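I opened this model to look up how its two chains meet and what lies inside them. My notes follow the order in which I looked.

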Amino acid sequence: MTLMKPMRRILLGALLAFFFKPLAALAASWNKDAFGAKNAADVLKGLGASGAAPSKDVVIEAPQIAENGAVVPIEIVSNVPGTTSIVVLIEKNPFPLAGVFEFMDGALPFVRLNVKMGETSDVRVIAEAGGRRYTATKEIKVTIGGCGG
Amino acid sequence: MAAGPMKMRATLGAGYTDVRVLMTHPMETGQRKDSDGKLIPLHFIQQVTVKLNGRAVVEGQISQGISRNPVFSFRIKGGAKGDRIEVSWLDNNGETNKTEAAVA
């Protein structure tokens with residue numbers, strides 16, 4: 001019996017390694033550093049997206065007050081010509097980065113999504129166009145949090 | 001709740017095609033507890049891809065901070081009736097799903 005257990009571990013480990021390797025390869029483009037960051041500055045570092053200039057061309061449409069933090073609708077449009085990506089951060093969430101969207105030829109730099117918000121927070125959007133970054137923020141007040149509940 | 005079916009609608013707007021998609025997914029944050037007080041493991045969609053006639057036009061990476069049963073809207077330049085739109089997702093457990101619709 002004492003021999004069996006480590007043996008089983010090793011076999012299980014080998015099996016897991018076998019199954020998970022292709023999955024890890026598939027998910028390679030999911031930015032672990034940025035998504036695992038616990039504050040906005042580290043997210044930006046993880047994405048290599050620091051130093052964005054404030055811009056009125058990045059438009060965030062969202063309610064001022066969200067009654068239910070579990071589902072907060074946010075609509076984002078970048079009017080900066082040649083926008084190729086949009087990053088969405090909920091600054092006070094435990095893991096602030098909500099999403100990164102890349103737009104290829106054929107798509108408009110627009111996204112509407114529902115996010116969870118633990119508490120009242122700034123929503124920060126960063127749009128990238130021609131290697132430059134533009135940002136806008138909007139505060140959304142939350143009366144009932146949407147994380148953990 | 002397990003991951004389940006998707007629903008999608010692609011309609012012609014003014015100069016663009018509006019793609020609205022719903023995914024059935026628990027989007028567990030890994031911080032919630034079940035009725036026995038045990039943590040429910042992290043389980044969430046990580047990648048979303050939108051294709052127009054077989055070519056990727058939007059690639060999204062998302063976090064557990066997206067609401068349960070995610071709903072997204074995207075806009076595709078122009079578009080014509082009958083264009084094929086496909087949306088697929090991949091979660092952190094390697095589960096995937098996709099749906100396809102013609103622009104109406």
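**Conventions.** I note that this is a predicted model, in which local features need pLDDT of at least 70 and side-chain atom pairs count only at pLDDT 80 or more, while totals for chains, interfaces and linings use all residues. Residues are numbered from 1 along each chain as its sequence is written, and chains are lettered from A and ligands numbered from 1 in the order in which they are written.

**Chain A.** I counted 3 helices and 9 strands in chain A, taking helices (H or I, at least four residues) and strands (E, at least two) as DSSP runs numbered from the N terminus. Their order from the N terminus is α-α-α-β-β-β-β-β-β-β-β-β. Of its 149 residues, 34% count as buried, that is, with 20 or more other C-beta atoms within 10 Å of their own, the C-beta atoms being placed from the backbone. I also looked at contacts, meaning residue pairs whose C-beta atoms, placed from the backbone, lie within 7 Å; of those in chain A with a separation of 6 or more, 67% are between residues 24 or more positions apart.

**Helix H3 of chain A.** In this helix (residues 40-47) I found A:Val43, A:Leu44 and A:Leu47 buried. They lie on the same side of H3(A) because they cover an arc of only 95° around the axis, the arc being that of the directions from the helix axis to the C-beta atoms. The buried residues of H3(A) pack against helix H2 (32-36), strand E5 (83-90) and E6 of chain A. Just after H3(A), A:Gly48 has a positive phi of about 65°.

**Where the chains meet.** I found 32 residues of chain A in contact with 29 residues of chain B. On the chain A side, helix H1 (4-26), strand E6 (97-103) and strand E7 (107-115) each supply at least two residues, and the largest share, 8 residues, comes from E7(A).

Which strand of chain B does E6(A) pair with? I found that E6(A) pairs with strand E4 (residues 55-62) of chain B in the antiparallel sense over 5 bridges, where pairing requires that DSSP finds at least two bridges between the strands. In E4(B), A:Phe101 stands opposite B:Gly60 and A:Phe103 has B:Val58 as its bridge partner. On the chain B side, strand E3 (residues 45-52) is joined to E4(B) by 6 antiparallel bridges, and B:Val48 also stands opposite B:Gly60.

I traced an open sheet of 6 strands, antiparallel in its pairing, in the order E2(A)-E4(A)-E7(A)-E5(B)-E2(B)-E1(B). Its edge strands, each pairing on one side only, are strand E2 (58-61) of chain A and strand E1 (6-12) of chain B. The chains join in this sheet where 4 antiparallel bridges link E7(A) to strand E5 (residues 71-77) of chain B, with A:Leu108 opposite B:Arg75.

**The core.** The largest nonpolar core has 58 residues, and A:Val125 and B:Phe74 have the most contacts inside it; I took such a core as a set of buried Ala, Val, Leu, Ile, Met, Phe, Trp, Tyr and Cys residues joined through C-beta atoms within 7 Å. E7(A) gives the largest share of this core, 6 residues. Not counting residues up to four places away in sequence, B:Phe74 touches A:Ala107, A:Phe110, A:Val111, B:Val19, B:Val50 and B:Val58.

Technical notes
Two residues are in contact if their C-beta atoms, placed from the backbone, lie within 7 Å. A residue is buried if 20 or more other C-beta atoms lie within 10 Å of its own, exposed if 12 or fewer, and partly exposed in between; C-beta atoms are placed from the backbone.
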